[in-house]
Amino acid sequence: IVLTGEANDYVGKGLSGATIVVKPSPHLLAPESNAIIGNTCLYGATDGKLFAAGQAGERFAVRNSGAVTVVEGCGANGLEYMTGGVAVILGPVGGNFAAGMTGGMAYVLDLADRFEAQVNPDSVVIQRLASPHWEEQLRRLIREHVHETGSAFAGSLLNDWDRMRGHFWQICPKEMVGRIDEPLAAEEAAFERA
């Protein structure tokens, strides 16, 4: 499904396959600073993809267990109780981010240096990008987002990657750190291969 314009609450609720793309109307200025989808989007998703060239409301991707998504910001309680999938947030997040997250992987762009105050650290570890493997996963998803939505903002991140990469956080559930296919840091990967 490709939608040009804004959508309300529950976009992709229970998504179990396919791809949803939400693009802003051409006259909208700075779509990355405006909400394009409402609250509780991607709730309980199990598979599929959601790309939205703008911000999501509150409770984004709660209980996501397998979907892949890229949005350009989200409100409070994003990724709450997430158990699988990958989420890329190219902008600010609201409070209590990743509360109860037990699976999957997330990346957040933090241009304002506010993310550490918004994340709930009880069940996750956060770090800057420290592995070529995970960095490439992030870049690939941003490229796909640009391809699907035409996001000029996301495109500008890729064009200035050497500078922008340092503004990303990687979020991994604590209980998954020892179970993921690749270590979170390149040094750990080198140690494991030795």
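Is Arg143 buried, partly exposed or exposed, and what is its relative accessible area? In this predicted model, Arg143 is partly exposed, with a relative accessible area of 36%. The legends below begin with the salt bridge that this residue forms.

**Figure 1. Salt bridge between Arg143 and Glu136.** The side chains of Arg143 and Glu136 meet in this view, with a distance of 2.6 Å from N to O. Arg143 is partly exposed at 36% relative accessible area. Glu136 also counts as partly exposed, because its relative accessibility is 37%. The pair belongs to a set of 5 salt bridges found in a search of the whole structure.

**Figure 2. Salt bridge between Glu80 and Arg59.** The two side chains meet with an N to O distance of 2.6 Å. This pair links distant parts of the chain, the two residues being 21 residues apart. Glu80 lies in the loop between β4 (65-71) and β5 (83-89), whereas Arg59 lies in the loop between β3 (47-52) and β4. Glu80 counts as buried because its relative accessibility is 10%, which is under the 20% cut-off. Arg59, at 32% relative accessibility, counts as partly exposed.

**Figure 3. Salt bridge between Asp160 and Arg163.** The closest N and O atoms of Asp160 and Arg163 are 2.8 Å apart. Asp160 is partly exposed, with a relative accessible area of 28%. Arg163 is exposed, because its relative accessible area is 53% and the cut-off for exposed is over 50%.

Figure 4. By class, the lining of the largest pocket consists of 9 nonpolar, 3 polar and 4 charged residues.

Notes
Residues numbered from 1 in each chain as written. Predicted model: local features only at pLDDT ≥ 70, side-chain atom pairs only at ≥ 80, totals over all residues. Heavy atoms only, no water. Salt bridge = Lys/Arg side-chain N within 4 Å of Asp/Glu carboxyl O. Helix = DSSP H or I, 4+ residues; strand = E, 2+ residues; numbered from the N terminus. Buried < 20%, exposed > 50% of the residue type's maximum accessible area, 1.4 Å probe, protein only. Nonpolar A, V, L, I, M, F, W, Y, C, P; charged D, E, K, R; others polar.
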